[in-house]
Structures are given as structure tokens and as C-alpha cells.
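Hello,

Please find the structure below, for your files. Notes on what turned up in it follow.

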Amino acid sequence: GKAGFVLANGSMSSNQSGEGEIRKGIIEADLLDCMVSLPGQLFYSTPIPVCIWFLAKNKKHKRARDCSGETLFIDARSLGSPLDRTHFTLAEADVAKIAKTYQAWCGEKSAGAYRNVPGFCQSTPLEKIREHGYVLTPGRYVGAPDIESESEEPFQQRLESLVEKYQEQRRVSLALDRKVSAALKEIGFNV
């Protein structure tokens, strides 16, 4: 029941050099436990996003739940924050969110109940991965996040409110434009 992981950056969808057949073999042998897409610029060796592949020979060994025939996809590219101009970092809370999601999926009671979260995580059956030609890009399976309305206002009311806000911002913009033009005129530029 040993599990391992591999960091990869180009073999999730490519079919060059037999990569598609390798992915197919891994999936059909039910070895892929979890894939986690990470944000770009986390590693000094590459600026592109990498993906962690969690492999397991036995998806039911020492687990609270039998995960055979399923793979957990986690798209964590939206997590993290800039460390400097060229690097990103994952905070402990980000790492904990990913770990807790995986633990909940495995059935660990201390992690709480697992649920699919659009745009973040999706438990995917082998059949769906087959349908997608063994492409293993997590974003393909987790989909887009649910966009929650900022308010419960009816659409018409919200639209009227937005139009009002737009008109006010336009008035402010025009007033600023007149002030800038007047200031430029004072120093000899006719705008």
C-alpha cells in the first residue's frame, strides 16, 4: 500500500514520445491516486505551473474508504501569493487546504466530509478519464468555480444599481479630465 509522488510539468496531455500510452497504462492500472496542479513560479528551476502526481499501488490499503477506480484532481493554481517579482509561495494554510482535501477524499474522519468543489477539486471515475483520452490536466476535470452572487438583489435592481454607480463614476471621471486639461493649459499645453 505504499504511495509516492512525482513532480511533472509537461506530460499531462502530450502524446509525444509515447507519453499518452504511459498515462493510459498508469490509469488503466489504477495507479494514479491524486493530481494537484500548483501555481506557476513556485520553483526556481521552472516558472511554469507544475503538477504533483500521487501514485498508489493499492487505493484501499489502510484507508477509511476504498478509492479504487477513482482519481482526485485538485487545481490549486489560484492559491499562493507573490514572494517577489519572479516567485510565488504557498502559505501553510494553502498547503493545509490541499492536504485536508486529499485526506477527506481518502475518508479520514478528522479531515471532515469530502465534497467536490467546482474550480478546485473533483473525484473522477476511471471512465471519465478514458472519455477524455487519458488527458490528466486537473483543470479539465474540476471545471470552473461557481460564481456566487455578491448580493441577493433581483437582477433588475442590481442592474439599476450598477448603472447608477457607472454614471457617478463617469461624472467623477469627466470632472478629473477637466481638471487635468485646465492644469495642462496653465503650463502651456492645449489639450
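**Salt bridges**

Arg63 and Asp33 form a salt bridge, with their closest N and O atoms 2.4 Å apart. This pair links distant parts of the chain: Arg63 is in the loop between strand 3 and strand 4, Asp33 is in strand 2, and 30 residues separate them. Asp33 counts as buried, at 0% relative accessibility. Please keep in mind that this is a predicted model.

The count of salt bridges comes to seven. Another of them joins the side chains of Arg130 and Glu28, at 2.8 Å from N to O. Arg130 belongs to helix 3 (residues 126-131) and Glu28 to helix 1 (residues 19-28), so the bridge ties together parts 102 residues apart in sequence. Arg130 is partly exposed, with a relative accessible area of 32%, and Glu28 is partly exposed at 34%. Glu28 and Arg130 are also linked with Glu127 in a network of salt bridges.

The side chains of Asp30 and Lys59 meet in a salt bridge as well, at 2.7 Å from N to O. Asp30 sits in the loop between helix 1 and strand 2 (32-37), and Lys59 in the loop between strand 3 (51-56) and strand 4, so this pair ties together parts 29 residues apart in sequence. Asp30 is partly exposed, with a relative accessible area of 21%, whereas Lys59 counts as buried at 3% relative accessibility.

**Aromatic residues**

There are three aromatic pairs in the structure. In one of them, the ring centres of Phe73 and Tyr141 lie 4.3 Å apart with the planes at 15 degrees, so the pair is stacked. Phe73 is in strand 4 (residues 70-75) and Tyr141 in helix 4 (residues 138-142), 68 residues apart, and the pair thus links distant parts of the chain. Phe73 is buried, with a relative accessible area of 0%; Tyr141 is buried too, at 5%.

The rings of Tyr102 and Trp105 have their centres 6.2 Å apart and their planes at 35 degrees, so that pair is tilted. Both residues lie in helix 2 (residues 92-105), three residues apart, or about one turn of the helix. Tyr102 and Trp105 are both buried, and together with Phe54 they form one aromatic cluster. Separately, the charged end of Lys97 sits over the ring of Phe120, 4.4 Å from its centre.

**Overall**

The protein has five helices and seven strands. Of its 191 residues, 29% count as buried.

Regards

Terms used. Residues numbered from 1 in each chain as written. Predicted model: local features only at pLDDT ≥ 70, side-chain atom pairs only at ≥ 80, totals over all residues. Heavy atoms only, no water. Phe/Tyr/Trp six-rings, centres within 6.5 Å; stacked < 30°, edge-to-face > 60°. Helix = DSSP H or I, 4+ residues; strand = E, 2+ residues; numbered from the N terminus. Buried < 20%, exposed > 50% of the residue type's maximum accessible area, 1.4 Å probe, protein only. Lys NZ or Arg CZ within 6 Å of the ring centre and 35° of its normal. Salt bridge = Lys/Arg side-chain N within 4 Å of Asp/Glu carboxyl O.
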